[in-house]
Structures are given as C-alpha cells and as structure tokens.
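Student: I have a new structure open and would like to go through its local features. Start with whatever terms I need.

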Amino acid sequence: PFGRHRITWTATDGCGNYTTCSYIFWVKDCKKPTPVCINGLSAPNMPVQKVVTIWATDWESGSSYDNCCAHSDLVHRVIKTKESDHQTPPTTTSVTFDCTEIGSQAVEVWVGDCGYDANDDGSISDDERNWDFCNTFILVTDNDGVCGANPMATLSGTIKTETGVGVSGVDLTVLGTNQSAQTGVDGKYSFNVPTTGNYTVVPSKNINFLNGVNTLDVVYITNHILGKKALDSGYKKIAADINKDKKITTGDLVQLRQLILHITNEFPSNTSWRFVDGAYNFTTNNQMGENFPEVALEDNLSVNQINDFVGVKIGDVTNSVNPNAANGGSNESRSSSVLTFSTQEQDLVAGTEYKVNITSKEFRNILGYQFTMSYDADMLDFVNVDGKALDITGENFGLTNLASGKITTSWNGKSVTSLNDGEVLFTLTFKALKSGKLSKGLHFNSSLTEAMAFNKEDEAMNVNLEFTNGNTVVNEFELLQNQPNPFKDFTVISFVLPQATSATLKIYDVAGKVLKVVNGEYAKGMNNVKVDRSEIPATGVLYYQLDTDTDSAVKKMIIVE
C-alpha cells in the first residue's frame, strides 16, 4: 500500500543471540498522470458583465489517465499560459477573461493524480501529488459588441495536403495580435480579431522530417532531373526543392539521401513543411522559382475572411505523407512481395576478419531499396563496406551510427533493374570480437532507415535477409531487441521466422496486464512491427512476447518520459 511503513531486520547466530534494526520507508507513486485536453474551446459570447469564466474541467477530454488513480479522482487546474512558470501547478480551478482578451487565448490545463499523504495527517496537498499539463486555447468572442470596441471578425481556414487531407499540428500566429493556435486533425484554424486592423496569418510546422520520405521519392526526383518523367504538379516541385534554391538538381538528391540514411536529421536550409496560399495559381512551369505566398495578408479587415493553405511536405513527391502522424511514419502501402538478400552463414572466431557478401535473390524489376543493417557491436567490429554491383558507392551507406551497431543503406537505379541470382551487391568486412555464428550478430531491419524496396509498379515491398549453408536456408526463429531501447516516441520490434506463418505480438506491463496486441501474417525471414508511444498507456519497464504455433519468446523494453 502507499504510505508510511516500517521494516525490521533480525539477525540470529547459532547460539540463539539476535539483534534487530528498523527503518521507516515510504511507498510513493512517482509517475506523472497523462493529461489529454480538448484542442480548443469557444467561450460563450461576452456577457454584459464584460467577463467570462471557464473551468479547468471544461477542457478535459475524458481520456486523461494515471497508472494508479481513477479518472474520477484526478484533480484539474488551469492557468493562462502567459502567467505560468511552466514548473509548478497553479492553484486556480478556473480562468476569467475580459474585454482586453478578445480572440484566441492560450492556457495550460494541469492534471494531478491522487497523491500520497506524506504527513500522515489525513489530507493531501498539491505538493503531494504528481502533476503534468497540456497546452490548449480558448476563443473569446464579443459578437454583441458589449465591450464597446471595434466589431469583431473571424480569420479562419483549412490547411490540407495536395490530396485534400487535413494537416494537424500546424502552428499559426497572427501578426498584429498576440494570438496563436494549432490545427487539429481536420486542418482547421480560426482567430477572432477586431476589424479595421492589418493582419498576417503565418503557418509553420518543422517536425518529423522523415514523414513520407523514402527512396521512392529519390527515384521520382531522379527521373524528373533526367527528363524521363517530370513531376506533375507545382506542389511536388516545391517538395523536391530540398535545398530551397528554386531549382531541382542533384544537390537536392544528396540532401534527401542523407536524411534517409540518418546522416542528417533535418534539411540544412529548409523546413519540414511549407505552406502555399490556397488561392494562389502558379503562372509558369518553374513553380518552385515563383514567389508564391506562404502567408495570408488581410489589410483593413472589415468582414470574416477565409484563408486556406496547401501543406507541402518537403521531400515527399509521392504523396505518402501521413499529415496527422505524431512521430513520423507514412501512408506507404505494402505489397505482399518480399525482396530477399542472402549471405553465407559463417562460424566466427574472435580476432579474425570476415568478408560478408550480400547477394541478390530474385532481384527482378527493382527501382530501389533501403534498410538498416544492425550488427551486435559486442560481437562484430565494422571495418569496411564495398559496393560491387548496381554502381553502389559509399554515398549509398550511412556510417554515422556505428557506435550503436547500425549501418543504413539506400539505393536506386536510373531505370528498372534486374540481377542474376547470387550476384554480389556489396561486401561488408567485420572483425570478430567474439566467437559465434554470423546469423546471431547481423540483421536487416527498420531500426533507423525503414526496410522496404520498390518494384516497377512503385509498390513497396518487404525486405528480408537469409543466411544459407550451401543451398540450404538456415534462418531460425528469433525475437530481437526492440530499437531504439529505451524509447520515447516510437520503437521497432523485429523478429525472424523460419517460414511464413501467422504470429501474435503482445506488449504487457510488469503486472501482466496486456497493453497492446498485434496479430498478422508474416513472411519468412525478417519482419518488423513499429509501435508508437501513443499506443501504449504505460511507462517504465514493459515486456513484449511473440507467439507462433510452434515458437514463443519474450524480451524486455523500456519507455521513458
């Protein structure tokens, strides 16, 4: 139970003598609750008293939770963001707005758990609770003009991708006011501002650079540069202008490939998203060279105005972006096909160097591929990688994560490519630090660069690595450590199957409570399951278990705040 406890130790010798010592200790809940706020409220129209009061619980979505405290026992507080120190919970359960605060006003909604009675006095103070907060806002209006100021008007709109999907998480500010807001999953935004003013609506979003970006985008941009197939819209051309020099060149390909390979984690001279005024019409075939408007201007505002924007995810020219992804990801659909790579199983002896030839198997009509090669850094020391076929060079590999035992690779040809079975694509050289089998120390997975290949129909294929002994495949059932671990945003659980089969992946806490179940049909060889932090209502040490009809394995993973 939570609270104050005493523990006593007793030590006894063989003659019956004994001694004791006692200590007082406390059992506490140290995990913060998880607040989930409604993303914005609209206040009742300003009453004649010229003040409006909103309660903290008005922003409660009903989904806030805590590991040890029932939802009905959570405590709510609220404070205006501009008055918060962002460190300690406020004491106020409501906020009041007056005529000086017409428009969108940012607030912090704090949620406290049940706490513990540290003083053993039958009451729980704010200091005895765990707290966390979420940011949201309220739109204060005065449509009846009781404040005696200028009449109000609305600046609103929707931000969507070229394909018409709303873009969430776009930060918007209105220059000329202190107002800011963020779009929800529908991409909508709204501001209430006094008329006769001059305003500029500025959208921005600069996170998740890899969202929607993969080697197929490199293929499309390459074809555009070579004149084989031009990008068919101005928005795609803006997305292809990675370095923002108003041209599409091989320099853009270099920066895009470096991002895919995790050599960089952002674009040096560009943001993750750009936003084009939805009313703008391109006038030339060199759309990225035009001075297209990226803000909305409203001078001497007199009536409600709608300003829509088209969101352009930089690097994504295949429209695979997931505009509502919290931690990256894409809408890339997979075919049931698998591109299989092979290498010979080897018995390693510590201190000896080994060449690992990665060969092709049914490499037919392939546009490109990408994946992560993870190796056990306690077992293998990376020495070198050499390209053999396909004009593979050092630019096709990322070596910035060798300390964690990871090599990334991305390749695409200038046309659809086929190879003979057994042809060596590239050779890895390792020095064995410990004796053992190569198959226990090397895997292809999605722990950094997502494992996928693309065929001539632009379909995304899975990627597999087989270990062979002569002509015999020697892959065994194996559940691998999730990567990264510990993780904060997302992790990838990889496993090897000796044959294609159905499997069940379960994630559960230390008490055995099942938190997530994934059922699926999986291919022979390497498989990957991506897990977002938002899908797991827990933190700390967890376990994941993989079950098939013939095998089962369990491993531990850690979620950090």
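Tutor: Helices and strands here are DSSP runs numbered from the N terminus: helices are H or I over at least four residues, strands are E over at least two. This is a predicted model, in which local features need pLDDT of at least 70, side-chain atom pairs count only at pLDDT 80 or more, and totals for chains, interfaces and linings use all residues. Residues are numbered from 1 along each chain as its sequence is written, and side-chain values use heavy atoms, with hydrogens and water left out.

Student: Backbone first. Where does asparagine 319 lie, and what is its phi near?

Tutor: Asparagine 319 lies in the loop between β17 (309–313) and β18 (334–344). Its phi is near 60°, a positive value in a residue other than glycine. Most residues other than glycine have a negative phi, and most peptide bonds are trans.

Student: Which peptide bonds are cis?

Tutor: Glutamine 483 to proline 484 is cis, with omega near -10°. Asparagine 485 to proline 486 is cis as well, with omega near 0°. Proline 484 lies in the loop between β31 (478–479) and β32 (490–497), and proline 486 lies in that loop too.

Student: What does arginine 533 touch?

Tutor: Leaving aside neighbours within four places in sequence, arginine 533 is in contact (heavy atoms within 4.5 Å) with Phe487, Lys488, Asp489, Phe490, Ala538, Thr539, Ile559 and Glu561. Arginine 533 is in the loop between β35 (525–532) and β36 (540–547) and counts as buried at 14% relative accessibility. Its side chain reaches the backbone oxygen of alanine 538 at 3.0 Å.

Student: Switching to helices. How many residues of α1 are buried?

Tutor: Nine of the 11 residues of α1 (residues 215–225) are buried, so the helix is largely enclosed by the rest of the structure. Among the buried ones are Leu216, Val218, Val219 and Ile221.

Student: What covers them?

Tutor: The cover includes α2 (234–240), α3, β21 (366–375), β24 (406–417) and β28 (452–455).

Student: What is at the ends of α1?

Tutor: Asparagine 214 caps the N-terminal end, with a side-chain oxygen 3.0 Å from the backbone nitrogen of leucine 216. Just after α1, glycine 227 takes a positive phi of about 75°.

Student: How many salt bridges are there?

Tutor: A search of the whole structure finds nine. A salt bridge is a side-chain nitrogen of Lys or Arg within 4 Å of a carboxyl oxygen of Asp or Glu.

Student: Which residues form a network?

Tutor: Lys80, Lys82 and Glu101 are linked in a network of salt bridges. Glutamate 101 and lysine 80 meet at 2.8 Å, N to O. Glutamate 101 is in the loop between β6 (94–98) and β7 (103–112) and lysine 80 is in strand β5 (residues 75–80), so this pair ties together parts 21 residues apart in sequence.

Student: And lysine 82?

Tutor: Lysine 82 forms a salt bridge with glutamate 101, the closest N and O atoms being 3.7 Å apart. Lysine 82 lies in the loop between β5 and β6 and glutamate 101 in the loop between β6 and β7, so the pair ties together parts that are 19 residues apart in sequence.

Student: Which of the three are buried or exposed?

Tutor: Glutamate 101 is buried at 6% relative accessible area, and lysine 80 is buried at 10%. Lysine 82 is exposed, at 57%.

Student: What does glutamate 294 form a salt bridge with?

Tutor: Arginine 274, with the closest N and O atoms 2.8 Å apart. The pair links distant parts of the chain, with glutamate 294 in the loop between β14 and β15 (296–298) and arginine 274 in strand β14, 20 residues apart. Glutamate 294 counts as partly exposed at 27% relative accessibility, while arginine 274 counts as buried at 8%.

Notes. Buried < 20%, exposed > 50% of the residue type's maximum accessible area, 1.4 Å probe, protein only. Polar contact = N/O pair within 3.5 Å; in protein donor to acceptor, adjacent residues only side chain to side chain.
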